[in-house]
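The following note sets out several points for colleagues who will work with this model. Please read them alongside the coordinates.

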Amino acid sequence: MIVIDVASPVPPFEQLRAQLARQIQDRTLAVGARLPTIRRFAADLGLAVNTVGRAYRELEEAGLIETRGRAGSFVSAAGEQGLERARRAAADYAAVVASVGIDTAEAIRIVQAALTSRGAAPASS
């Protein structure tokens, strides 16, 4: 379920994008699942069509969804590939951290700093 908080300082398109991305990444939305049309989703959420369109464009640029013309927008298999790539990078990072003797807490702080500097929210502990 998507909830847009109108009182939030986070723009509605970003709230929508982040919630859909999370649902794709945690597999609540399965690969191949069809998303509502932009117009319908906008009406359902009480948002402007351009707001939903921007969220969809950003998800498509990230490889999480694909638009198939008049057939609509679907959860992309590329999202799965992105998760696998992130898992491999994490395993590689863990190996480097272990080889140079950095403790777990410091390694996590390094990752959180990297995520924060790129505009991503760090995971809560």
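1. Valine 3 counts as partly exposed, because its relative accessibility is 47%; the classes are buried for under 20% relative accessible area, exposed for over 50%, and partly exposed in between (1.4 Å probe, protein chains only). Valine 3 belongs to the segment before helix 1. From valine 3 to alanine 18 the C-alpha to C-alpha distance is 11 Å, at a sequence separation of 15 residues.

2. Basis of the note. The model is predicted, so that local features need pLDDT of at least 70 and side-chain atom pairs count only at pLDDT 80 or more, whereas totals for chains, interfaces and linings use all residues. Residues are numbered from 1 along each chain as its sequence is written, and side-chain values use heavy atoms, with hydrogens and water left out.

3. Overall architecture. The protein has five helices and two strands, in the order α-α-α-β-β-α-α from the N terminus. Helices (H or I, at least four residues) and strands (E, at least two) are DSSP runs, numbered from the N terminus. Along the principal axes, the C-alpha atoms fill a box of roughly 55 × 35 × 20 Å. Of the 125 residues, 26% are buried. Among contacts with a separation of 6 or more, 44% link residues 24 or more positions apart.

4. Glutamine 15. This residue lies in helix 1 (residues 12-25). Is glutamine 15 buried or exposed? Glutamine 15 is buried, because its relative accessible area is 9%. A polar atom of the glutamine 15 side chain lies 2.7 Å from the backbone nitrogen of aspartate 5. With neighbours within four places in sequence set aside, the contacts of glutamine 15 are Val3, Ile4, Asp5, Ser8 and Val10.

5. Valine 10. One of the contacts of glutamine 15 is Val10, which is placed in the segment before helix 1. Valine 10 is partly exposed, as its relative accessible area is 35%. Valine 10 and alanine 94 are separated by 84 residues in sequence and by 32 Å in space, C-alpha to C-alpha.

6. Helix 1 against helix 3. Two packed helices are described by the angle between their axes and the distance between the axes. For helix 1 and helix 3 (residues 49-61), the angle is about 45° and the axes are 8 Å apart. Axes are lines fitted to C-alpha atoms, for helices over the stretch in contact, and angles run from 0 to 180 degrees between N-to-C directions. Helix 1 and helix 3 are therefore oblique to each other; angles under 35 degrees count as roughly parallel, over 145 as roughly antiparallel, 65 to 115 as roughly perpendicular and the rest as oblique. From helix 1, Pro12, Phe13, Glu14, Leu16, Arg17, Leu20 and Ala21 meet Thr51, Val52, Arg54, Ala55, Tyr56, Glu58 and Leu59 of helix 3. By class, this contact comprises nine nonpolar, one polar and four charged residues. Ala, Val, Leu, Ile, Met, Phe, Trp, Tyr, Cys and Pro count as nonpolar, Asp, Glu, Lys and Arg as charged, and the others, Gly among them, as polar.

7. Helix 2 against helix 3. Helix 2 and helix 3 pack at about 120°, with axes 8 Å apart, and are therefore oblique to each other. Ile38, Arg39, Phe41 and Ala42 of helix 2 meet Val49, Val52, Gly53 and Tyr56 of helix 3. This contact of helix 2 with helix 3 has six nonpolar, one polar and one charged residues.

8. Arginine 27. Most residues other than glycine have a negative phi. Arginine 27, not a glycine, has a positive phi of about 70°. Arginine 27 sits in the loop between helix 1 and helix 2 (38-45) and is partly exposed, given a relative accessible area of 45%.

9. Serine 73. Strand 2 (residues 73-75) contains serine 73, which is buried because its relative accessible area is 8%. The side chains of serine 73 and threonine 67 make a polar contact at 3.1 Å. A polar contact is a pair of N or O atoms within 3.5 Å; within protein, one must be able to donate a hydrogen and the other to accept it, and residues adjacent in sequence count only if both atoms are side-chain atoms. Beyond four places in sequence, serine 73 is in contact with residues including Ala33, Leu35, Tyr56 and Ile65.

Key. Contact means heavy atoms within 4.5 Å.
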